[in-house]
Amino acid sequence: MGKRRSRSQSQLLNTLTKKQKKHLRDFGEEHPFYDRVSRKEAKPQICQLSESSDSSDSESESESEPEQVSGYHKLLATLKNVSEEEEEDEEEEEEEDSIVDDAEMNDEGGGSDVSVEEEMAAESTESPKNVPLSADPEGKEDGEGPPGTSQASPEEFTDAKHESLFSLETNFLEEESGDNSSLKASQDPFLQHVNKELKEKEIQAVATNPKTTHELKWPILGQLVFSSKFQKLETFKPPKDIDLKSLHLQKPLESTWTKTNSQFLSGPQKSSSPFTPLQKELFLIMNSYRDLFYPESTALKNGEEIRHVYCLHVINHVLKANAQVLGNNSRRRGQKFGVGDDDDFRDQGLTRPKVLIVVPFREAALRVVQLFISLLEGDSKKKIIVSNKKRFQGEYGSDPEERPPNLKRPEDYEAVFVGNIDDHFRIGVAILQRSIRLYAPFYSSDILIASPLGLRTIIGGEGEKKRDFDFLSSIELLIIDQADIYLMQNWEHVLHLMNHMNLLPLDSHGVDFSRVRMWSLNNWSKYYRQTLLFGALQDAQINSVFNKYCVNMQGQVAVRNVPMTGSISHVLVQLPHVFQRMEAENLASVIDARFNFFVNKILPQYHDAVMSHTLIYIPSYFDFVRLRNYFKKEELNFTHICEYTQKSGVSRARHFFLQGEKQFLLFTERFHFYKRYTIKGIRNLIFYELPTYPHFYSEICNMLRATNRGEEATWTCTILYSKYDAQRLAAVVGVERAAQMLQSKKNVHLFITGEK
């Protein structure tokens, strides 16, 4: 379909109307009704079909003899190449044409008729209207995307053209790329990590060994907790000065890093060190291949600074791993058959993907890829090859005009929700020496960049037919950036991902088992995987992931700084804060204990009409649904706003609450995170649970605005907490005051004077 026909054939087809074409296809000859009568004797037209122009594969065509076929039969053979769907479409068109009167049908002009060649050419070049959202292994479907985003086409785009160019099996190490001295160095942390062999006894002891910990204080990162379940726990302190050569960076990173990172360097620091003080300490931990949890990464302050340094670590790791494979390819090619030990060439995992970067939005993925290009390109005149770059920028970039010009939100909101904020995507990136292939199939990729939702739709669930998670089997470096945002999206997707990390693949995927490392064959990959976890806050759920799923044999490092001053100091209105302590037997019973405490102790105080205009702030959506159902059952005068409320419903709820027509307003934390609307008319505040983000506490409190003189005296603010809310409590009131509150076991009354 879509092959060109000869000019003579095309000209002859152009003279036929649709009716003539149909009759020619059905009967093999022109209908006598359409015979042309001319005063001049028409010259016979000879239709010659070359072998290249013949696109029919039918049996009747192959069996026919060329010398016995007339011109009309040859035209018929070309028309038989049309698919059944096209025939049905043309038959429908003919039925519509039958409405036209005979005079119109007998018109020999045929100017409005389109030739078969043009029709087929148009069909062959027709492109789908929907642009695919992301690349997907095995061409699987994305499923339904988030609201406001384009739906993916059934077959997602993956770059299949450059498979051989980026294949690790068929390429060799180029001599001009430099010698492999960094890989040969015995002090290279990459080689020390991947070549270290664990023993069976050590693996068995991990389940029973207690975790040993040691605390250190670093100049910039602050309080660090080193921990490990393996026998030896090694700690270190950062040196005052750092030399790029001592970091064993792979070429060309030594020269490109300084320029890429120049925006964060200024003055004498730019000449003395290529790292900022924060980057230096973070990279020292990363380069030691320890797991790291850094809970002080914010999009507004140091998020980009941290992204630069972990992208340097990623590219350094991938270049070294690929250089090792390509170097061994060259050694094997030059080696005689049967000479040497196969164990010398074990240099890869069961599948090729070795780095997984989890980011919340497409804008973050765009910045990561741009950093990759910058790190490989630097200031060299020779540009690197980046395949599918234009398509990537179109799908992951954003149009500044799409953003409302008068939208005013806090600075942290603007920093988080910048650019393309679609949260359903995934893309494979292959890197070979100084070339980058975007949209590589997952099993031909070195680096995977995806959102939790994008990975969840691939991994699937139990019982689903179309699911795949083999590409996670040999991940050596896992980076989870902006982990706090996933608490606002769907934390279950993160847990689902972690449960499928480093499992044995169900299929071989064409791997050469003689090249696979023994610890990968033994299903010990999780003990060699380095996990870097970055977030903006200390949270029990994030801590749980770090403690449960990070079992790197090199150990773990967590930053555990305590907040000395809480976000309550940023409250600008005069407001009494009453912290109501509730008791719970264990962590599992906290949810029920909080609900019963609220219904029996707190809510009865607000039944009076004097306590109108009460906003109830609810961090958990499940608690919100439970309270909403209870309020409906008790027929209380309330309205509600959550992240799923339509815009009209939000407007009505805000209006009713402001006018006092509704006494209570149930308000979810996720709605506040995504919208940041100012709720007017609040006189009484109830925090059903302490906010996930500490600064949300001061933002909600500062929504109170006095309309009449002396109205501030009637304002109230009640906060529910338990001993299991120690981290959130410390972030709101400060660590010293939180410690006193947890020890006293009494309700605490605080009064903020509103000093600015």
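Of the 78 residues in the largest nonpolar core, which touch the most other members? The legends below take up this question and others.

**Figure 1. The largest nonpolar core of the predicted model.** L356, F579, L615 and Y697 touch the most other members of this core of 78 residues. A nonpolar core is a set of buried Ala, Val, Leu, Ile, Met, Phe, Trp, Tyr and Cys residues joined through side-chain atoms within 4.5 Å; buried means under 20% relative accessible area (1.4 Å probe, protein chains only). Helix α19 (residues 483–489) contributes the largest share, five residues. Helices (H or I, at least four residues) and strands (E, at least two) are DSSP runs, numbered from the N terminus. The model is predicted: local features need pLDDT of at least 70, side-chain atom pairs count only at pLDDT 80 or more, and totals for chains, interfaces and linings use all residues. Residues are numbered from 1 along each chain as its sequence is written, and side-chain values use heavy atoms, leaving out hydrogens and water.

**Figure 2. Surroundings of Y697.** Leaving aside neighbours within four places in sequence, Y697 is in contact (heavy atoms within 4.5 Å) with residues including F579, F687, P691 and V732.

**Figure 3. Strand β8 (residues 447–450) and its partners.** Buried residues cover both faces of strand β8: I447 and I449 lie on one side, L448 and A450 on the other. Strands pair if DSSP finds at least two bridges between them. Strand β4 (residues 355–358) runs parallel to β8, joined by four bridges, and V355 has I447 as its bridge partner. Strand β6 (residues 426–432) is antiparallel to β8, also with four bridges; here V429 is partnered with I447.

Notes. Buried means under 20% relative accessible area, exposed over 50%, partly exposed in between (1.4 Å probe, protein chains only).
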